[in-house]
Amino acid sequence: MLAFNFFGATEGGLFDINATLPLMAIQVVALTYILNSLFFKPVGNVVEKREKFVSNNIIEAKNKLSEVKKLEADLLTQLQSARLEAQRIVNEAENESDKLYKEALELANDEANASKEKARLEIESQTSAARDQLSKQADYLSELIVNRLILEK
Amino acid sequence: MLTNFAALEVGQHLYWQIGNIRLHGQVFLTSWILLGALLVFISLGTKKMENDPKGLQNLLEFLWDYIRDLARTQIGEKVYRDWMPFIGTLFLFVFVSNWGGALIPWRLIKLPSGELGAPTADINTTIALALLVSLSYFYAGLSNKGWRYFEYYVHPTPIMLPFKILEDFTKPLSLSFRLFGNILADELVVGVLVFLVPLILPIPVMFLGLFTSAIQALIFATLAAYYIGEAVEEHH
């Protein structure tokens, strides 16, 4: 029932090919030119301009990033050398102070020893002086005792 | 009534007689309405182009990008630019025709003979498109490679020659009949279902029809681009 008029009829039918075909082709070709100037070109320009802009920005950002990385590495080496330098200075200072401490200690020791020696000598001389005096007095006393004993007899 | 409906549905045309030539008026009427709508839509979207796309421009840029990807993957980096407008026009024309035919209730407009519908449901339209594709790939091959284009016919061996020549006929034939058959069948199925069960039941089929319509537009544009790509491809 549906296919009643499929191929049939001099008039119409599904496969009725006529001047519609070339005219439609011309219409599509015209549409291609219209759409090209109205749609494809302007939109393409905008999109490609933006894509260029984005890719340029990405390249620029990459360059900047590599620069930053280089600077960072530079700073790191600088930091490293500064650290080593500081370490060296600290070590030097420590050695210096050690040396100074030792020197001062030696000096103080020497001084202490000297004054100890002096004191000892003084003590010794005073002891001998005292001993002399004591022996003098002992002599005197013994003389006195002897005289008295002699007198009593 | 059924015969009346069926007769109206299939193979009836609104004839325009201009001098000696006869045209299917309903095809041109619908195509003008739909293409007019498409052009208005595109002019609105491209009226004020900005670097930060908004609204319609966004949609059009998405469409442009979609068509570019289609053309680029099928035709190749070297010449896709030359053919992008043609491929894009084919896609838009077929898509707008298919969807316009399926979505707009044309039946409300009564014609003296035949009825309005998708322009792609008429064999003249699809053959016109398919022949344009054939001409395009010949032109693309000849303009890019000169007479070396015909090396394609004996590539990789001369045994292929008859098959390649046959292909030049089967390509437009399959392109036109695929599109014509799908869209017409969809219209018929929806028409018959609406006639038999006017409520609810046709809706899933209508959705299926929308899906088919979109897929057919994509297939047509992709195949056209593939044929052009095949013609400009360099064999080593």
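This is a predicted model: local features need pLDDT of at least 70, side-chain atom pairs count only at pLDDT 80 or more; totals for chains, interfaces and linings use all residues.
Local features require pLDDT of at least 70 and side-chain atom pairs pLDDT 80 or more, while totals for chains, interfaces and linings use all residues. Residues are numbered from 1 along each chain as its sequence is written, chains are lettered from A in the order in which they are written, and side-chain values use heavy atoms, without hydrogens and water.

Q: How are the rings of Phe150(B) and Tyr153(B) arranged: stacked or edge-to-face?
A: Rings of Phe, Tyr and Trp (its six-membered ring) pair if their centres lie within 6.5 Å; planes under 30 degrees apart count as stacked, over 60 as edge-to-face and the rest as tilted. The structure holds 22 such aromatic pairs over all chains. For Phe150(B) and Tyr153(B), the centres are 5.8 Å apart and the planes stand at 25°, so the pair is stacked.

Q: Is Tyr153(B) buried or exposed?
A: Buried means under 20% relative accessible area, exposed over 50%, and partly exposed in between (1.4 Å probe, protein chains only). The relative accessible area of Tyr153(B) is 7%, so Tyr153(B) is buried.

Q: Which arrangement, stacked or edge-to-face, do the rings of Phe177(B) and Phe180(B) adopt?
A: Both residues lie in helix H6 (residues 161–196) of chain B, three residues apart, about one turn of the helix; helices are DSSP runs (H or I, at least four residues), numbered from the N terminus. Phe177(B) is partly exposed at 36% relative accessible area, whereas Phe180(B) is buried at 3%. With ring centres 6.3 Å apart and planes at 85°, the pair is edge-to-face.

Q: Which residue has its charged end over the ring of Tyr152(B)?
A: A charge sits over a ring if NZ of Lys or CZ of Arg is within 6 Å of the ring centre and within 35 degrees of the ring normal. Tyr152(B) belongs to an aromatic cluster whose members include Tyr137(B) and Trp147(B). At 4.3 Å from the centre of the Tyr152(B) ring sits the charged end of Lys164(B).

Q: At what angle do helix H3 and helix H7 of chain B pack?
A: Axes are lines fitted to C-alpha atoms, for helices over the stretch in contact, and angles run from 0 to 180 degrees between N-to-C directions. The axes of H3 (residues 55–75) and H7 (residues 202–232) in chain B lie 7 Å apart, and the helices pack at an angle of about 40°.

Q: How far apart in space are Val146(A) and Gln78(A)?
A: Val146(A) lies in helix H1 (residues 20–152) of chain A. Val146(A) and Gln78(A) are 68 residues apart in sequence, and their C-alpha to C-alpha separation is 100 Å.

Note on methods: Helices (H or I, at least four residues) and strands (E, at least two) are DSSP runs, numbered from the N terminus.
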